[in-house]
Amino acid sequence: MNKIENISFENNSNNKENVISLLKNEKKSLPTHYLYDDLGSKLFEEICNTEEYYLTRTEQQILNAHALDILKEASPLEIFEFGSGSSKKTKSLISKALKQKKYITYFSFDISTKALKMSYDQLKQISKNLDVQLIQGDFNNDICRIKKSKRKRLYLFLGSTLGNFNNNVAVNFLNNVAKIMNKEDSFLLGVDKVKDEKIINMAYNDKKGITKRFNKNILKVINKEYKLNFNENNFLHNAKFNLEKSQIEMYLESTVEHSIRLPNNEDLNIGKGEKILTEISRKFSEKTLNSLFRKANLSIIKSYTDKKKYFSLYLLKTKKYLFP
Ligand SMILES: C[S@@+](CC[C@H](N)C(=O)[O-])C[C@H]1O[C@@H](n2cnc3c(N)ncnc32)[C@H](O)[C@@H]1O
């Protein structure tokens, strides 16, 4: 496997303080990226294959149907994917791009080592004309350390990962992407749209219980990382659509009153029914997206959707060059 370049600016003691303070808040939460250790990244792949998780197959259909048009517009020599996961969805786009250009460089950027390994395994056999670069980092903190492109680049942010960010974080992320984009670069963003809440709720409560395992695994990750003693048997998987905020909220809900021991030997009490937020997944309307793009200085060049309008892909350019 190619060497993984680590550009993260992580400071473990700051991270630890942050995690402990989030757990001490009245409304408890954990940073979502802790869902993605080796096991979490593998479980996420399994979630993508469940019957209920319409997001992956819908986005894949849109991508397959419009790949040639996207490539005509973007004409990339480099493809840079944020939160690439296994890159399974991107494989066909890369193959088509390789038919048009002699040599393509694909950058897989993810926080998870397992995801980067899966991405490499997925792509290594495509063609000797594909150069795969693996970059480990946090897309909320490390974008400024990404080197700008020397050749025409297409940035990708798929899987509705943008939905995991609250509004401020989303604007900040999109702004940072706009800042590193050159005039010729494009940005393809995949987002999940507002729809019947039953369909959304089912997607995060699959019958096989894979999302439940994915959610509970965060406690093992936190225990290992910060020497805590969470017992996953004390928690239920709770994922429900919040209509007012138009987002899935995924919690771990305590079934008993208990306490966990913090590193300073303090006990943190967790009441019966108390919930720890592990992930939000926003479902976007056109209005919300237009407002996000405006704030981030991005313009829509083209958009693509499926027959049911469940999911959308937006091809964006930065406004600084369109309207200098
Ligand atoms: C919802 S999954 C999407 C994966 C893939 N793009 C897809 O469409 O199936 C989110 C991906 O982002 C990665 N990720 C989560 N938090 C991250 C962070 N803060 N920085 C970089 N990558 C992150 C995860 O490891 C995972 O691969």
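This is a predicted model: local features need pLDDT of at least 70, side-chain atom pairs count only at pLDDT 80 or more; totals for chains, interfaces and linings use all residues.
Let me begin with Leu189, whose bridge partner in strand E14 is Tyr314. The two strands concerned, E7 (residues 186–192) and E14 (residues 311–318), pair in the antiparallel sense over six bridges. Pairing here requires that DSSP find at least two bridges between two strands; strands are DSSP runs of E with at least two residues, helices are runs of H or I with at least four, and both are numbered from the N terminus.

Residues are numbered from 1 along each chain as its sequence is written.

Now the sheet as a whole. Eight strands form an open sheet with mixed pairing, in the order E1-E5-E4-E3-E6-E7-E14-E13. Its edge strands, E1 (4–6) and E13 (298–305), each pair on one side only. On average, neighbouring strands are turned by 20° against each other, direction ignored. For such angles, axes are lines fitted to C-alpha atoms, for helices over the stretch in contact, and values run from 0 to 180 degrees between N-to-C directions.

Two helices lie across these strands. Helix H3 (residues 54–74) lies across E6 (153–157), E7, E13 and E14, at about 35° to E14. Helix H5 (residues 113–123) lies across E1, E4 (104–110) and E5 (130–136), at about 175° to E5. Contact means that C-beta atoms, placed from the backbone, lie within 7 Å.

Leu156 touches Ile79, Glu81, Phe82, Thr90 and Leu188, leaving aside residues up to four places away in sequence.

Finally, two backbone exceptions. Most residues other than glycine have a negative phi. Ser160, in the loop between E6 and helix H6 (167–180), has a positive phi near 55°. Asn265, in the loop between E10 (258–261) and E11 (267–270), has a positive phi of about 70°. Which of them is buried, and which exposed? Ser160 counts as buried because it has 21 C-beta neighbours inside 10 Å, whereas Asn265, with 6, counts as exposed. The cut-offs are 20 or more other C-beta atoms within 10 Å for buried, 12 or fewer for exposed, and partly exposed in between, with C-beta atoms placed from the backbone.
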